[in-house]
Amino acid sequence: MDSVTESDPTLESDLERLNVQRDVPLATRNTFGFEARAEFLATATDDASLIALLEFAEDRQWPVFILGGGSNLVLTRDIPGLTLCLGDTRIQYADAPGKRVHVTAGAGCGWHALVVDTLAHGHAGLENLSLIPGTVGAAPVQNIGAYGVELVDRFVSLRAWHRPSRQFMTLGPDDCAFAYRDSRLKRERGDWIVVSLTLAVGGDTPLVTDYASLAAQLAKHQDGAITARTVSDAVIAVRQSRLPDPAVIGNAGSFFHNPIVKAETFAEIAREHNGIVSYAMPDGRIKLAAGWMIDRLGYRGTRRGAVGVHQEQALVLVNHGGGSGEELLVLVREIQGAVKDAYGVSLTVEPLIV
Ligand code: EPU
């Protein structure tokens, strides 16, 4: 890899003082399981260690890469400079208006661990987002969403280090400019390091059960009352039936965004493609199911060497083992080209490609 370390007399003592590891394999730290290495890697456990680690890298003009759960990442090369993980996994609760509760979690907490903890405390609100891989710190960056709920629907605020102004800042919903799988944090990637996230749960937070596959799963168990816990169980069942477990088969969830088109464009596409699955957006535009489009082109279950398209969900690309990020990108371009030719629509990649 391109090394950032040439004649640096204080390097060794700084590495030891700050607990920075050298040449760290990342295959178990990205859910595709791609082989790559971090030149240096460290975990910031609190504000002070975050600032010290950033200073250490900035003094040397090293690049800094923030690594969460590695569940939305395609590694095509080694990462030069400092790879930084967030180690705060605490979860705290505080009373809020409307009998709701504000739950604040450290960026290093696993997202699903937070969902489980809120449900164990009896607070509804995050059940539709059960089993989403990744960390709490990454969740607001792409405004995670599933089965009719997005992070923005429960968002109160987040605390983040702003690298350009060198200070911690608390951002509310408007500051974050959330949109479908998007936020200001994503658009200004590199400037922000999320350290904690506060969400509103419990009280009168409504259950959301109208997403088609979730409703069908809930209907199978009509015997008892529908609670946050039964919704969570149903979401987990749907996810497990359609989405591959990264511990078993490498993947990063949905690989492409569902494209959003104007109503007129949709009318043209729908005339040619009978039965295309779509959702009306509040602004009148139409979101198309990219998985449906890719599936109809015959890609579901396709394999190209060690990488391929998941057998049960054409929006999910997989590494069957031993594949590489470069290999995957060849398949990605092929699918994007085929969808463009057939539907006239460009597919945007969801994970970060490094
Ligand atoms: N479909 C097919 N064939 C496929 C895949 C999907 O015909 O191979 C059809 C389905 O039958 C359904 C429609 O396409 O009618 C939509 O499929 P699904 O409900 O599985 O949802 P999705 O649009 O493919 C989105 C999110 C998922 C989220 C689900 C449920 C994006 C990019 N993906 O997928 O998020 O879990 O809805 O809310 O918005 C993720 O971002 O990593 C992710 C998994």
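The model is predicted, so local features need pLDDT of at least 70, side-chain atom pairs count only at pLDDT 80 or more, and totals for chains, interfaces and linings use all residues. Residues are numbered from 1 along each chain as its sequence is written, and side-chain values use heavy atoms, with hydrogens and water left out.

## Overall build

Let us start with the whole chain. The protein has 10 helices and 20 strands; these are DSSP runs (H or I for helices, at least four residues; E for strands, at least two), numbered from the N terminus. Its radius of gyration is 21 Å, close to the 20 Å that the globule rule gives for 354 residues, so the protein is as compact as a globular protein of that length. The radius is taken over C-alpha atoms, and the globule rule is 2.2 Å times the number of residues to the power 0.38. Along the principal axes, the C-alpha trace spans about 65 × 50 × 35 Å.

Of the 354 residues, 50% are buried. Here buried means under 20% relative accessible area, exposed means over 50%, and partly exposed lies in between (1.4 Å probe, protein chains only). Among contacts with a separation of 6 or more, 62% involve residues 24 or more positions apart, a contact being heavy atoms within 4.5 Å.

The accessible surface comes to about 16,400 Å², and carbon and sulfur atoms hold 49% of that surface. These areas come from the Shrake-Rupley method with a 1.4 Å probe, and for residues only the protein chains shown count as cover. As for charge, the protein carries 32 positive and 42 negative charges, whose mean positions are 4 Å apart. Lys and Arg count as positive and Asp and Glu as negative, while His and the chain ends are not counted; each charge is placed at NZ of Lys, CZ of Arg, CG of Asp or CD of Glu.

Leu73 sits in strand β4 (residues 73-74) and is buried, at 4% relative accessibility. Beyond residues up to four places away in sequence, Leu73 touches Asn30, Phe32, Phe65, Leu67, Ala252, Pro351, Leu352 and Val354. Phe34 is 39 residues from Leu73 along the chain, with 9.6 Å between their C-alpha atoms.

Met293 belongs to helix α9 (residues 290-296) and is buried, with a relative accessibility of 0%. Apart from neighbours within four places in sequence, the contacts of Met293 are Pro259, Ile276, Leu288, Tyr343 and Leu347. Gly108 lies 185 residues from Met293 in sequence and 36 Å from it in space, C-alpha to C-alpha.

Gly108 turns up again beside Thr135, a residue whose contacts outside four places in sequence are Gly68, Gly69, Ala107, Gly108, Cys109, Gly110 and Trp111. Thr135 lies in the loop between α3 (111-120) and β8 (145-146), and it is buried too, with a relative accessible area of 13%.

## Salt bridges

A salt bridge is counted when a side-chain nitrogen of Lys or Arg is within 4 Å of a carboxyl oxygen of Asp or Glu. By this rule there are 18 salt bridges. The table gives examples.

| Pair | Closest N to O distance |
|---|---|
| Arg17 and Asp14 | 3.1 Å |
| Arg37 and Asp23 | 2.7 Å |

Arg17 and Asp14 both lie in helix α1 (residues 11-17), 3 residues apart, about one turn of the helix. Arg17 is exposed at 57% relative accessibility, whereas Asp14 is buried at 14%.

Arg37 forms its salt bridge with Asp23 at 2.7 Å between the closest N and O atoms. Arg37 lies in strand β2 (residues 37-44) and Asp23 in strand β1 (residues 21-25), so this pair ties together parts that are 14 residues apart in sequence. Arg37 is partly exposed, with a relative accessible area of 33%, and Asp23 is partly exposed at 37%.

Arg304 is in strand β17 (residues 303-304) and Glu334 in helix α10 (residues 325-343), so the pair ties together parts 30 residues apart in sequence. Arg304 is partly exposed at 36%, and Glu334 is partly exposed at 30%.

Finally, salt bridges that share partners join Asp8, Asp14, Arg17 and Arg60 into one network.
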